Amino acid sequence: MVLESSITLCAHCAMEAPGRLIRKRTGLLAVMGTEGIDGRNTKNNDIMEVKQTLGIEAARVSIIDEINYTMSSHGMTIDLWHMMLLADLMTYNGDVLGITRHGVQKMKDSVLMLASFEKTTDHLFNASVNGKDDKIEGVSECIIMGIPMQIVTGMFKLRQCLTMGDRVRNEIIRKKVGVALVEDKMRESMLRWFRHVMRSSTDVPVRRCERLALDGFRRGRGRPKKYWREVIRHDIEQLQLTEDMTLDRKVWRSQIKVEG
């Protein structure tokens with residue numbers, strides 16, 4: 001394999017992982033365009049260059065990979081969802097923002113949130129001089145003020161001024177808010193997908209799975225698990241529908257539609 005002179009092979013890494021090339025400087029696009037290099041398996045730990053070359057989604061993946069690599073190298077394990085949440089926070093507006101004083105200022109305008117990070121007195125003094133308001137909607141702001149956070153169960157106060165202590169039944173809350181049951185919305189989603197499956201060609205993979213036969217398959221102990229087709233058949237019977245109705249999109253969607 002012929003490589004350009006700007007690409008160097010790290011002998012130590014080559015002995016540990018044969019077939020890997022280590023480039024000691026920037027130029028991701030040039031490396032990916034080099035003959036003999038698989039661009040799909042090329043990585044770069046320069047997040048800003050990845051963003052300029054491949055886009056913000058690739059930069060998000062690079063952030064997750066670098067955090068995971070750094071922590072695992074020190075024998076520490078972090079849940080993947082925490083790393084994904086941090087990467088989403090750093091890239092949600094289309095640009096890479098660091099978790100620094102300057103990066104946090106571009107993320108939110110909340111005075112209390114900025115004060116909880118760095119330079120507390122400076123942020124509070126500037127806010128008081130300029131007459132800034134804080135709606136106290138974020139997690140950090142609610143913790144500072146000692147009030148319940150407006151997420152999960154705290155969201156009830158936003159919609160109906162109710163708390164868990166009011167002991168109001170879910171049926172009454174759903175009726176006032178106009179929200180349907182979760183199982184009804186799941187049924188609507190499955191039946192909508194079922195229509196797409198029935199209108200597909202019999203040669204597509206999702207239709208071929210219907211004709212699969214498992215030889216020697218034994219159900220485990222306990223209550224038998226329902227298959228997707230069995231659930232669909234039960235939902236169709238419950239709504240008094242037929243499979244032939246899937247041919248008419250308007251009729252099918254009007255019959256399975258759940259308000260809320």
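Student: What makes L97 and G98 contacts of G103?

Tutor: Contact means heavy atoms within 4.5 Å. Leaving aside neighbours within four places in sequence, G103 meets that limit with L97 and G98. Before we go on: this is a predicted model, where local features need pLDDT of at least 70, side-chain atom pairs count only at pLDDT 80 or more, and totals for chains, interfaces and linings use all residues. Residues are numbered from 1 along each chain as its sequence is written, and side-chain values use heavy atoms, with hydrogens and water left out.

Student: Why is G103 called buried?

Tutor: Buried means under 20% relative accessible area, exposed over 50%, and partly exposed in between (1.4 Å probe, protein chains only). G103 has a relative accessible area of 6%, so it counts as buried. This residue lies in helix α6, residues 101-107; helices are DSSP runs (H or I, at least four residues), numbered from the N terminus.

Student: And T91, why does that residue count as buried?

Tutor: Its relative accessibility is 8%, so T91 counts as buried. T91 sits in helix α5. Leaving aside neighbours within four places in sequence, T91 touches I56, R60, I63 and V96.

Student: What makes a group of residues the largest nonpolar core here?

Tutor: A nonpolar core is a set of buried Ala, Val, Leu, Ile, Met, Phe, Trp, Tyr and Cys residues joined through side-chain atoms within 4.5 Å. The largest such set has 8 residues: I47, A59, I63, I64, M83, A87, M90 and V96. Helices α4 (56-73) and α5 (80-91) are the elements that each give two or more residues to this core. Another core, of 7 residues, lies apart from it and includes I232, I236, W252 and I256.

Student: Why is α12 called roughly perpendicular to α14?

Tutor: Two packed helices are described by the angle between their axes and the distance between the axes. Helices α12 (residues 182-198) and α14 (residues 228-238) pack at about 105 degrees, with axes 11 Å apart. Axes are lines fitted to C-alpha atoms, for helices over the stretch in contact, and angles run from 0 to 180 degrees between N-to-C directions. Under 35 degrees counts as roughly parallel, over 145 as roughly antiparallel, 65 to 115 as roughly perpendicular and the rest as oblique. The angle therefore makes α12 roughly perpendicular to α14.

Student: Which residues make that contact?

Tutor: Among them are W193 and F194 of α12, and W228 and I232 of α14.
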